[in-house]
Amino acid sequence: MSFQFFAFARNVGSSRPRCLVFVLGLLIVVPSPASTIADETTPLSLDAAVHMAEMHAPALDARQAAFEAAEHAIGPAGQLPDPQLVVGIDSLPVSTSDAFSLTRDSMTTRHVGIEQQFPRREKRRLRTERAEAGAAREQALLTNERLSVREATARAWIARKTAEQRLILLQTLRPRAEAQIAAATAALSAGRGSAADAIAAKLAQVSLDDRISQSEQAVEEAKAQFARWLPDAADRPLGDATDWTLLGIDADALITHIGQHRELLAYDASEQMANAEVALARVEKHPDWSFELGYAQRGPTYSNLISMVVRVPLPLFAASRQDPTIASKEAAVAQIEAEREDARRMHTAEIRKTLAAWRSAIDRAHRYEHEILPLADDRADASLAAYRGGRGDLQASLTALDKAVEQRIAYTDLLDTLGQSWAALHFAFPEEN
């Protein structure tokens, strides 16, 4: 981004000495076309992609709104309910000449009052605890969603990176395929080769081109998935890959701290909510009460009245009403405990499997980089050199080239496995844990 500064000067003339006053009138920050192009062509690192996706993920906005809604519900949860206005008419005549008159019959009473319910203090405290547990649960779900967005973005970045790397590695084999065609053509011209050899060399080149076309398709598909998380950066070039052999945490400690897995964070808060529901159901056996204060106006020959009314529910049928509700809430607590244990076992198994895949991919990728791929290239070059020198046949060179193609594909598939396993492990736990 370039900064363009604009200033203007004004010559002040009067009977006083003339002076030049410079006034900073305007400071404009304008992104120049060059800087915009630079942003679009600057390589996008994995960390930057994850950060950008997190800042603009609609799913995170939805979770943040849910958390804020749960937080706002905490305060009102423990408050007394709003008072109720009571307005009514008693003893209104409906027959004779006084029918529906509010003033002719001295027994007609017009009253107004206010009623306030008083839930037990313990019930209000438990409602507050339930609301706080609900907010804690939404916060845990927000943390889980944030880590899910990070992992999904990292996976999309890795899939695109490895697809592009596969395309590059296959394109490096084109000179070898062209060299085979040239060697087969030269052998045919020298009378020591056959037309079948020339056709076979051409077929090998076409097969390689077909593999390259498949890789180009895979790159476009990976870009489409990447655009799911970063639609404005889908075509930006990717930077260097993160070292996927380093987790930044102790790998063995992941199993030990499986209870802090992002998918298990919400269970504690859910259990707190369920326990609060059980306590609230039990408190229902102890009735609340309400108080009403009213004022009644009667005919002119009678005095006006005030009234005070206390209402108390009578839980006389607890065995068929409150007790079943308590049992229902207790069963919900048992359900959450069982679901948490099932989730803990499932994610423990997933972490173990992912760790095994990650460690194996590290060893195999090292083997491919330092042994298998260099040896495959040496074999292809040696076979082609032997054929050119008349000491070998074309089939050996074709086989070596085909093997080099397959090993490049296997290597990039292995890199993708390594990166995907790294992302699954790296974003499985909150950073603070």
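## Helix packing in a predicted model

In this predicted model, E122, K123, L126, R127, R130, A133, G134, A136, R137, A140, L141 and T143 of helix α5 are in contact (heavy atoms within 4.5 Å) with L265, A266, A269, S270, Q272, M273, A276, E277, A279, L280 and V283 of helix α9. The residues of this contact divide into 13 nonpolar, four polar and six charged; here Ala, Val, Leu, Ile, Met, Phe, Trp, Tyr, Cys and Pro count as nonpolar, Asp, Glu, Lys and Arg as charged, and the others, Gly among them, as polar. Residues are numbered from 1 along each chain as its sequence is written, and side-chain values use heavy atoms, with hydrogens and water left out. Because the model is predicted, local features need pLDDT of at least 70 and side-chain atom pairs count only at pLDDT 80 or more, while totals for chains, interfaces and linings use all residues.

**The chain as a whole**

- The chain has 11 helices and six strands, which are DSSP runs numbered from the N terminus (helices: H or I, at least four residues; strands: E, at least two).
- Its radius of gyration, taken over C-alpha atoms, is 39 Å, well over the 22 Å that the globule rule gives for 433 residues, so the chain is more spread out than a compact globule. That rule is 2.2 Å times the number of residues to the power 0.38.
- Along the principal axes, the C-alpha atoms fill a box of roughly 135 × 95 × 50 Å.
- Of the 433 residues, 36% count as buried, where buried means under 20% relative accessible area, exposed over 50% and partly exposed in between (1.4 Å probe, protein chains only).
- Among contacts between residues at least 6 apart in sequence, 79% join residues at least 24 apart.

- The axes of α5 and α9 (residues 265-283) come within 8 Å and cross at roughly 165 degrees. Axes are lines fitted to C-alpha atoms, for helices over the stretch in contact, and angles run from 0 to 180 degrees between N-to-C directions.
- That angle makes α5 roughly antiparallel to α9; angles under 35 degrees count as roughly parallel, over 145 as roughly antiparallel, 65 to 115 as roughly perpendicular and the rest as oblique.
- The crossing of α5 and α9 is left-handed, a term used if the near helix is turned anticlockwise from the far one by less than a right angle, with right-handed used if clockwise.
- Helix α2 (residues 46-55) packs against α5 (residues 121-171) at an angle of about 135 degrees, with the axes 9 Å apart, which makes α2 oblique to α5.
- The crossing of α2 and α5 is right-handed. On the α2 side the contact is made by L46, A49, V50, A53 and E54, and on the α5 side by R146, V149, R150, T153, A154, W157 and I158.

**E151, a residue of α5**

- E151 lies in helix α5 and, at 10% relative accessibility, counts as buried.
- E151 and A424 are 273 residues apart in sequence, and their C-alpha atoms are 6.5 Å apart in space.
- Leaving out residues up to four places away in sequence, E151 touches R262, A423, A424 and F427.

**The α6 and α7 pair**

- Helices α6 (residues 174-189) and α7 (residues 195-227) pack at about 170 degrees with axes 8 Å apart, which makes α6 roughly antiparallel to α7.
- Their crossing is left-handed.
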